[in-house]
Amino acid sequence: MPNESVSTESFASEVTKPTKGPKLRLAIIGCGGISETHLKALKTMADVEVVAGVDIKPERLDVMREKYGIPELFEDWNEMLEKVAPDAVSVCTPNGVHAPATIAAAKAGCHVITEKPMAMNPAECQQMIDAAKDAGKLLVCGFQFRYHPNTQMLVRAREEDQFGDIMFVKCQALRRRGIPNWGVFGQKELQGGGPMIDIGVHVIEMAHYTMGSPKPVAASGNVWTYLGDKSSNVVSQWPGWDWETYTVEDLAIGQIRFENGAVMQIEASFAAHIEKDVWNFTMIGDKGGARWDPTAIFTDRAGTMTNTTAGFLPKADFHTLFISKLRNFVDGCLHGKQLECPGEAGMAVQKILDGVYRSAEAGSEVTID
Ligand SMILES: NC(=O)c1ccc[n+]([C@@H]2O[C@H](COP(=O)([O-])OP(=O)(O)OC[C@H]3O[C@@H](n4cnc5c(N)ncnc54)[C@H](O)[C@@H]3O)[C@@H](O)[C@H]2O)c1
């Protein structure tokens, strides 16, 4: 299970630039949008050398060469793994390619960090975990929101027993109108699903981590598609998505029961008719409750009901969060530092996603192994 003890080293603002010691030779597989966020974060690390990039689209390889100066570029990861033999790879492909790329890289002797969600389903996650274990290599699932200072504050409050038994958690990742108009986010066979697996996964992951990573045992869910597969000639923050290939849900609602009796509700949408986008979770425990954003803890103190908010939290944006997650991976590869988010943590989240989708398909509650 993930390292539950949170140290201040996890805060992005405290990441340092090492100047001496070994270098990690790292390759990127999948050179699209998120790979650029990886590359900007890796650029801050003097102990990382990006040695190669792989993409099936030559124009993306041109970007890697011209904008980032990556020296070796390939259209096939097997060729790259054989010719370059990197120490580690970062898998930034669509979800359906995470497992084959990870397994090939692990078999070739590489440590792997893979983008979220870990894969399409728990069976793929298990194959990835097994491949890394057999090769004696590290496998990290690249969830960055557990490094967010709001999350870290709530994890510490839970470790201080400010919440008691956490009974109920409500997760929301809702866009009023935000169907991605790039990549393959609308194609179920390549992504595994829509907003639940793409954005719900982030809020589920940070909430599950904050709860102390209880074991999910049952799921109930529903999904609906009512807008994404219609003409995209409507107002949207990202207009003109590919509605003709759109096969994922627009809205997913789920409920998870955990072995310890806790319940998590999940709402995820690319296109919800609501006032404005929501990205948050709330928790109710038998001693206290919390809200992720703006972060607050609700308890009884000094004989009254009190609301605790942070006097200071470190700055966090996409860049600093990616530095945190990649720094932990690099330190694990180079120095054996404990991994914050190993493959097993990615698997736990995948089981939750899979449970919601299976239940929606079955029309009834399903058990989670
Ligand atoms: N952590 C985050 O906050 C975050 C944010 C955005 C995306 N992501 C994840 O990153 C992944 C990629 O998303 P994106 O927005 O960069 O998508 P994208 O479409 O911009 O990039 C994916 C790239 O992978 C390439 N690719 C596809 N098949 C390949 C193959 N077989 N071999 C090599 N390259 C291949 C595509 O050509 C494309 O350039 C997804 O899993 C997504 O969930 C994570």
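Start your tour by selecting proline 294, which lies in the loop between strand 12 and strand 13. Helices and strands here are DSSP runs numbered from the N terminus, with at least four residues of H or I for a helix and at least two of E for a strand. The peptide bond that leads from aspartate 293 into proline 294 is cis, with omega near -10°.

Before moving on, keep in mind that this is a predicted model: local features need pLDDT of at least 70, side-chain atom pairs count only at pLDDT 80 or more, and totals for chains, interfaces and linings use all residues. Residues are numbered from 1 along each chain as its sequence is written.

**Stop 1: two hairpins**

Now colour strand 12 (residues 288–291) and strand 13 (residues 296–301), an antiparallel pair with 4 bridges. Two strands count as paired if DSSP finds at least two bridges between them. Strand 12 and strand 13 make a hairpin, with 4 residues between them. To see one of the bridges, pick glycine 288 and look for its partner in strand 13, threonine 299.

Follow the chain onwards to strand 14 (residues 304–309), which is antiparallel to strand 13 and joined to it by 6 bridges. Select arginine 301, and you will find threonine 304 of strand 14 opposite. Strand 13 and strand 14 also form a hairpin, this time with 2 residues between them.

What is the phi of alanine 302 near? Phi is near 50° there, a positive value in a residue other than glycine. Alanine 302 sits in the loop between strand 13 and strand 14. It counts as exposed because it has 6 C-beta neighbours inside 10 Å. The cut-offs use C-beta atoms placed from the backbone: 20 or more others within 10 Å make a residue buried, 12 or fewer make it exposed, and anything in between is partly exposed.

**Stop 2**

Zoom out to show the open sheet of 9 strands, in the order 14-13-12-11-7-10-9-8-15, where the pairing is mixed. Strand 14 and strand 15 (366–367) stand at the edges with a single partner strand each, so one side of each has no neighbour in the sheet. Strands of a sheet pair through backbone hydrogen bonds, either parallel or antiparallel.

Within this sheet, select strand 7 (residues 166–174) and strand 11 (residues 278–285), which pair in the antiparallel sense over 8 bridges. Leucine 174 has valine 278 of strand 11 as its bridge partner.

Next, show helix 8 (residues 195–211), which lies across strand 7, strand 9 (251–258), strand 10 (263–269) and strand 11, at about 150° to strand 7. Such angles run from 0 to 180 degrees between N-to-C directions, using axes fitted to C-alpha atoms, for helices over the stretch in contact.

Serine 213 is not a glycine, although it has a positive phi of about 55°.

**Stop 3**

Now display the open sheet of 6 strands, whose order is 3-2-1-4-5-6 and whose pairing is parallel. Its edge strands, strand 3 (72–74) and strand 6 (139–142), each pair on one side only. On average, neighbouring strands of this sheet are turned by 25° against each other, direction ignored.

Strand 5 (residues 111–115) and strand 6 are a parallel pair with 4 bridges. Glutamate 115 has glycine 142 of strand 6 as its bridge partner. Step on from there to the cis peptide bond that joins lysine 116 and proline 117, with omega about -15°. Proline 117 is in the loop between strand 5 and helix 5.

**Stop 4: two packed helices**

Select helix 4 (residues 95–107) and helix 5 (residues 122–135), which pack at an angle of about 10° with their axes 8 Å apart. Helix 4 is therefore roughly parallel to helix 5, a term used for angles under 35 degrees. Show the side chains of the contact, including Ala99 and Ile103 of helix 4 and Met128 and Ala131 of helix 5. Residues are in contact if their C-beta atoms, placed from the backbone, lie within 7 Å.

**Last view: the whole chain**

Of the 369 residues, 50% count as buried.

Technical notes: Contact = placed C-beta atoms within 7 Å. Parallel < 35°, antiparallel > 145°, perpendicular 65-115°, else oblique.
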